Amino acid sequence: MYLETFKLPIDQEEGIIKSCTSRHRYIENIYPCGIMSENQFHEINFADVTILYGGNGSGKSTVLNLIAEKLQLNRIAPYNSSDIFNAYVAACKYKMAYDDEGFAQRVPNGSRIITSDDIFDYMLTVRTNNEDIREKEAMADDKWLDLKFSDTIKLQGMEDYEALRLQLLAKRKNLSRKGFIRKTAGEEVKLNSNGETAYFDTKLKNDTLYCLDEPENSLSPKMQIELVKLLETLSRYCGCQFVIATHSPFILALQGARIYDLDETPVDLKNWCELENTRTYYEFFKKNERYFE
C-alpha cells in the first residue's frame, strides 16, 4: 500500500472561498466547496482497495479527482478545474504509508487516474485503427500475387524503393501470404465482446497506484466480473493499490475492499452487501427468483 490517509479541508471551505473572492471580483462556481462538507466527509483511510460509493452528485468522482490532482497522478486529459478547485486541492493533505523497513512510500512512477472517457477514447481509436488495417490487408492481399511472381522491379530512383521493398518481401521463401499481409498491413488489436476490458489488460501495470472513475461504464455484468478478478489479482499479488469510484455491485464486492458510503451523512464505512444499490439488485432478483428455478 502506498497512500495511507487523505484529508479534505471541509472546515476551511469558507476561508478558501473568501481567499479566491479577494483575487477575483466574481466567482461563478464555488465547486467543490459544499459537496463533502454537506455529508461531513473529511478523511479517508486507505486499504489496498478503497471504494467511494454513492449516487450521482454524491461527490465520489470529485474526491477521486482531488486525490489525483494532489498526488499529481498522470492523466490523459487535464481535469477541467477552476480557481476554487485549485485552492481546494492545495488545502488537502495526505500521508503516505511506510514500507517494511519503515521508510515512507512514494507515489510510484506511472501512477494515474483512469476515467470512463479515457476508455471510450481508447476504444474509438482502436476500432478506427482496426478498420484502417482491414483496408490495408485487402490491398496487400491483392498485391501479393503480382509482386511475388512478376519480374523484379529495377531501382531507378527513390520513388521505386518502396515498391521494390514490398516485392522482395513478397518473394521471400520463408514468408507466407498471411505473413506478408501481416507485415505490410499490421495487426488488429483483439477486443473482447465488451472490449473495454482490453484497456485494463494493457494499461494496468504492477507496483502502481491507480484511481479508477466508474470503470464499469459500458461493461456487461460478465465483463465486470472479469475486471474484478483482474483488480483482485493486481492488488493481492502484484503490488497495486486502487482507489475506485463506483456504484457497481460487482466491483463493490471486491475482496478486502474498504467502502465509504457517500450517500450517508456523515459518510460511513459499509460492507458491500449493506449498500442500497446492492440491496436493490438483491431484492429485485429475490422477488423474481421463481423465474430462475
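This is a predicted model: local features need pLDDT of at least 70, side-chain atom pairs count only at pLDDT 80 or more; totals for chains, interfaces and linings use all residues.
The side chains of Lys286 and Glu289 meet in a salt bridge, with 3.8 Å from N to O; a salt bridge is here a side-chain nitrogen of Lys or Arg within 4 Å of a carboxyl oxygen of Asp or Glu. Lys286 is partly exposed at 42% relative accessibility, and Glu289 is partly exposed at 38%. Buried denotes under 20% relative accessible area, exposed over 50%, and partly exposed the range in between, computed with a 1.4 Å probe and protein chains only.

Residues are numbered from 1 along each chain as its sequence is written, and side-chain values use heavy atoms, with hydrogens and water left out.

The count of salt bridges comes to eight. Among them, Lys95 and Glu4 form a salt bridge at 3.5 Å, N to O. This pair ties together parts that are 91 residues apart in sequence, because Lys95 lies in strand S4 (residues 93-96) and Glu4 in strand S1 (residues 3-7). Helices (H or I, at least four residues) and strands (E, at least two) are DSSP runs, numbered from the N terminus. Lys95 has a relative accessible area of 38% and is partly exposed; Glu4, at 24%, is also partly exposed. A further salt bridge joins the side chains of Glu69 and Arg75 at 3.2 Å, N to O, and Glu69 is partly exposed with a relative accessible area of 27%.

Six strands form an open sheet of mixed pairing in the order S5-S6-S7-S3-S8-S9. Two strands are taken to pair if DSSP finds at least two bridges between them. S5 and strand S9 (268-270) stand at the edges with a single partner strand each, so one side of each is left without a neighbour in the sheet. From one strand to the next, the twist averages 20 degrees.

Within this sheet, strand S6 (residues 209-213) is mostly covered, with five of its five residues buried. In a regular strand the side chains alternate between the two faces of the sheet. In S6, Leu209, Cys211 and Asp213 point one way, Tyr210 and Leu212 point the other way, and all are buried. Strand S5 (residues 112-115) pairs with S6 in the parallel sense over four bridges, and Arg112 stands opposite Tyr210. S6 also pairs in the parallel sense with strand S7 (residues 241-246), over five bridges. Cys211 stands opposite Val243 in S7, and the bridge partner of Asp213 in S7 is Ala245. Between S6 and S7 the chain passes through helix H8 (residues 221-237), in a right-handed β-α-β crossover.

On the surface, Tyr281, Phe284, Phe285, Tyr291 and Phe292 form a nonpolar patch with about 620 Å² of accessible area together. Patches consist of residues with over 30% relative accessible area and no salt bridge, like charges being joined within 9 Å and nonpolar side chains (Val, Leu, Ile, Met, Phe, Trp, Tyr) within 5 Å. One of the patch residues, Tyr291, is placed in the segment after helix H10 (276-287). Tyr291 counts as exposed because its relative accessibility is 57%.

Note on methods:
Accessible areas come from the Shrake-Rupley method with a 1.4 Å probe; for residues, only the protein chains shown count as cover. A crossover is right-handed if, with the strands pointing away from the viewer, the path from the first strand over the helix to the second runs clockwise. Axes are lines fitted to C-alpha atoms, for helices over the stretch in contact, and angles run from 0 to 180 degrees between N-to-C directions.
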